[in-house]
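Here are my notes on the model, in numbered points. Please read them with the structure open.

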Amino acid sequence: MSSESYLVVGGCGFLGRHIVEQLLERGESQVSVFDIVQRHFDNNVTFYIGDLSKPEDVQNALHKSQATVVIHTASPAHGMGKAIYEKVNVEGTRTLLEAIQQSESTVGKLVYTSSGGVIYSGKEDITNVDERVNYPLVPLDAYNATKVEAEKMVLDANGQGGLLTCAIRPAGIFGPGDRQMISGFYGVIKNGQTKWQIGDNTNLGDFTFVGNVAYAHLLAADKLENIYPYSSLRDPIPSIDISLG
Ligand code: NAD
């Protein structure tokens with residue numbers, strides 16, 4: 001248990017719920033959720049229902065929760081239209097940052113859930129890279145384009161006014177409460193879209209258990225210190241061999 005006050009943005013979603021549960025499990029007494037819908041009800045959690053792209057909703061949640069740590073997981077699901085991604089991921093994240101940077105804000109740390117897709121062009125395999133690899137010139141799709149923009153805003157805010165920020169880039173997330181991945185797989189099977197295989201079954205992809213992704217967010221919030229300035233992420237990638245063979 002810490003002395004921090006946590007606000008989980010998107011805390012009624014799949015990943016956000018696991019983050020809330022892990023905070024409660026480790027005994028945190030100040031846990032709040034900001035989400036556009038309320039899907040969960042806990043006696044010891046305060047829910048602020050509002051839209052991330054509305055400054056008054058966000059300011060209200062920050063002010064009333066007196067949050068010191070914000071974990072921002074909110075996003076429309078993959079496979080929707082460009083406009084909604086712009087609204088929530090870009091405008092919403094900018095609104096949140098502007099509210100956090102107001103003088104009366106109590107927030108000292110911001111952890112953002114980005115996506116592994118921000119560095120994937122869809123054209124080339126990605127192997128043996130770390131977080132210093134460049135974004136592709138052309139993003140994979142509208143969803144990932146807006147995740148890139150949001151991630152850049154969050155990382156560029158690191159160190160401004162004492163705020164510490166970081167971004168986590170999960171790839172596919174699976175586990176209890178999943179509303180996208182397994183239902184998507186079932187949809188593919190149901191629609192008969194799995195009759196052919198392209199390739200020889202050697203392509204690799206990352207899937208991470210939701211509990212581990214949630215835990216990574218807690219660790220990031222705990223360990224976020226002013227020790228790894230974003231500028232160093234832009235340094236050239238050193239020649240390192242991280243192959244498993
Ligand atoms: P989810 O849809 O289950 O949860 C997102 C939550 O954000 C929902 O509760 C939703 O109501 C909320 N939200 C959406 N728009 C909002 C708005 N305008 N204002 C306030 N709240 C709003 O999604 P998830 O699978 O839990 O994903 C969480 C995060 O992880 C997202 O940022 C997503 O981009 C990222 N991510 C997910 C996966 C995956 O496989 N699920 C993979 C990589 C990255």
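1. N128 counts as exposed, because it has 11 C-beta neighbours inside 10 Å. The cut-offs: a residue is buried with 20 or more other C-beta atoms within 10 Å of its own, exposed with 12 or fewer, and partly exposed in between, the C-beta atoms being placed from the backbone. N128 sits in the loop between strand 5 and helix 4. Its phi is positive, about 55°, although N128 is not a glycine. Helices (H or I, at least four residues) and strands (E, at least two) are DSSP runs, numbered from the N terminus.

2. Two points on provenance. This is a predicted model, in which local features need pLDDT of at least 70, side-chain atom pairs count only at pLDDT 80 or more, and totals for chains, interfaces and linings use all residues. Residues are numbered from 1 along each chain as its sequence is written.

3. N201 is another non-glycine with a positive phi, of about 75°. It is found in the loop between helix 5 and strand 8 (207-209). N201 is exposed, with 5 other C-beta atoms within 10 Å.

4. Is helix 5 (residues 181-190) largely in the open or buried? It lies largely in the open, because the number buried among its 10 residues is zero. Just after helix 5, G192 takes a positive phi of about 65°.

5. Helix 3 (residues 82-100) has 19 residues and should span 27 Å at 1.5 Å a residue. The expected span is 1.5 Å times one less than the number of residues. The end C-alpha atoms of helix 3 are 26 Å apart, which agrees. Helix 3 also bends by about 30° at G92. That bend is the angle between axes fitted to the seven residues ending there and the seven starting there.

6. The buried residues of helix 3 include Y85, V88, N89, G92 and T93. Further along, T95, L96, L97, A99 and I100 are buried too. The buried residues of helix 3 pack against strand 1 (6-9), helix 2 (55-65), strand 4 (69-72), strand 5 (109-113) and helix 4 (142-156). Contact means that the C-beta atoms of two residues, placed from the backbone, lie within 7 Å.

7. The largest nonpolar core has 46 residues, of which L7, V9, V70 and I71 touch the most other members. Helix 3 gives the most to this core, with six residues. Such a core is a set of buried Ala, Val, Leu, Ile, Met, Phe, Trp, Tyr and Cys residues joined through C-beta atoms within 7 Å.

8. V70 lies in strand 4. It is buried, with 30 other C-beta atoms within 10 Å. Leaving out residues up to four places away in sequence, V70 touches L7, V9, I100, V107 and L110. For L7, contacts beyond four places in sequence include S32, F34, A61 and L62.

9. Which residues are closest to the ligand? They are G10, G13, F14, L52 and S75, out of 27 that surround it. The elements giving two or more residues to this shell are helix 1 (14-25), helix 3 and strand 7 (172-174). Helix 1 provides the largest share, three residues. A residue counts as near if its C-beta atom, placed from the backbone, lies within 6 Å.
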